[in-house]
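Here is a short briefing to read next to the sequence and the model. Take a look at both, and then let's walk through the charges, the overall fold, the sheets and a few individual residues.

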Amino acid sequence: MTHATSLPPDLHQWATRHVTGMDTAIVTDASWPRGDSRVWRVRSDHGEVFVKLYPSTEKYEREVKGCEHATRALAADEAPRLLASDPQRPAVVLSALPGRVVRGLPLEPTEEQRVHRLAGDLLRRWHDTPEPISDRELQRIMASVTAQADEAAVILERLGDELSPAERDLVRDAARDLPGLARVLPLAFRHGDYSPRNWLWDEAAGHHSLIDFEESAPGFAVEDLVWLCGAAWPTRPDLRDAFLTGYGRLLSSTEQRALVLLTARLGVSYLSTGLTKSDTVLIDRGSTVLKHMVRTPR
């Protein structure tokens, strides 16, 4: 929920140089409650923009790179445009887009299917627009998958008794098979957080768009489907069908197996963290994802 506020003084001074009418603008805090970045909606007589402040230079650089990628991959009204940036703060000014965040919208099933189909189409165009991947980036990608497999093995050793036999087998598969699968998975420039909280839907125009690029980076295309695989598709196979229709192709058997194992690794990580911190939300989330993945074909 947004509420009236003001920018930090130094950020306000910087934004004034880039946003016309800043001194009389209405500023509201649009940050996610659990996010590290801060986001403000700025409405002036000259229009609306967003000012975003990052907790690290890495996230700032990823947002900037994501905006640059979006200008090549998507239409002008499908992603925010970078209006100003400062790596020293680090902060950006982004153009505003029409629509509301999809997460939490009370959509009828048919309309929700349409949103997911359009989301699939947008992601395919995002993935199909190439970016160079350096040897260093490739090493980072492979190291990330190895680290996820190692994490699954450690959690399995520690929490094996908390899992059902089928769940133990699934997590064991993730620990054993993910590094090998990674060697043959298609690479792409990932959005990194492709979920309805970063989709905008303009109901009147029937228009879908995408925000928040601070997790964007080269990686495996299938990684952008992990949230959907764990949270949306198990109970709404119609949304999976709609999304993949928009995406324009079915997943290969290798991609499907990797997707289930990556999602199971995330689920058991939620569970482990939840048990360590006595966080019932994470415990429930992790348990639910694992139960879903056990029943998902791989």
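The protein chain carries 37 positive and 43 negative side chains, and the centres of these two sets are 2 Å apart. Lys and Arg count as positive here and Asp and Glu as negative, while His and the chain ends are not counted; each charge is placed at NZ of Lys, CZ of Arg, CG of Asp or CD of Glu. Please keep in mind that this is a predicted model, in which local features need pLDDT of at least 70 and side-chain atom pairs count only at pLDDT 80 or more, while totals for chains, interfaces and linings use all residues. Residues are numbered from 1 along each chain as its sequence is written, and side-chain values use heavy atoms, with hydrogens and water left out.

**Overall fold**

- The protein chain has nine helices and eleven strands, where helices (H or I, at least four residues) and strands (E, at least two) are DSSP runs numbered from the N terminus.
- A compact globule of 298 residues would have a radius of gyration near 19 Å, and the 20 Å of the protein chain agrees with that; the radius is taken over C-alpha atoms, and the globule rule is 2.2 Å times the number of residues to the power 0.38.
- Along the principal axes, the C-alpha atoms of the protein chain fill a box of roughly 60 × 40 × 40 Å.
- Of the 298 residues, 49% count as buried (buried is under 20% relative accessible area, exposed is over 50%, and partly exposed lies in between, with a 1.4 Å probe and protein chains only).
- The accessible surface of the protein chain is about 14500 Å², and carbon and sulfur atoms make up 50% of it; such areas come from the Shrake-Rupley method with a 1.4 Å probe, and for residues only the protein chains shown count as cover.
- Among contacts in the protein chain with a separation of 6 or more, 69% come from residues 24 or more positions apart, a contact being heavy atoms within 4.5 Å.

**The sheet of β7, β9 and β10**

- An open sheet is formed by three strands in the order β7-β9-β10, with antiparallel pairing; two strands pair if DSSP finds at least two bridges between them.
- β7 (100-101) and β10 stand at the edges with a single partner strand each, so one side of each has no neighbour in the sheet.
- Strand β9 (residues 199-202) is joined to β10 by four bridges, and the two run antiparallel.
- Across this pairing, W201 stands opposite H208, and D202 stands opposite H207.
- The hairpin of β9 and β10 has four residues between the strands, and G206 takes a positive phi near 65° there.
- In strand β10 (residues 207-210), H207 and S209 point one way and H208 and L210 the other, and all are buried.

**Strand β3 and its partners**

- Strand β3 (residues 38-44) is largely enclosed by the rest of the structure, because five of its seven residues are buried.
- Four bridges link strand β2 (residues 26-29) to β3 in the antiparallel sense, with I26 opposite R43.
- Seven bridges link β3 to strand β4 (residues 47-53), again in the antiparallel sense.
- β3 and β4 form a hairpin with two residues between them, and S44 stands opposite G47.

**K65 in helix α2**

- K65 sits in helix α2 (residues 57-73) and counts as partly exposed, at 32% relative accessibility.
- Setting aside neighbours within four places in sequence, K65 is in contact with R72, E131 and F189.
- K65 and A188 are 123 residues apart in sequence and 14 Å apart in space, C-alpha to C-alpha.

**Backbone details in the loops**

- P90 lies in the loop between β5 (82-86) and β6 (91-95), and the peptide bond from R89 to P90 is cis, with omega near -15°.
- D212, in the loop between β10 and β11 (217-220), has a positive phi near 65° although the residue is not glycine; at 15% relative accessibility, D212 counts as buried.
- S278, in the loop between α8 (253-277) and α9 (280-295), is not a glycine either and has a positive phi of about 55°; at 62% relative accessibility, S278 counts as exposed.
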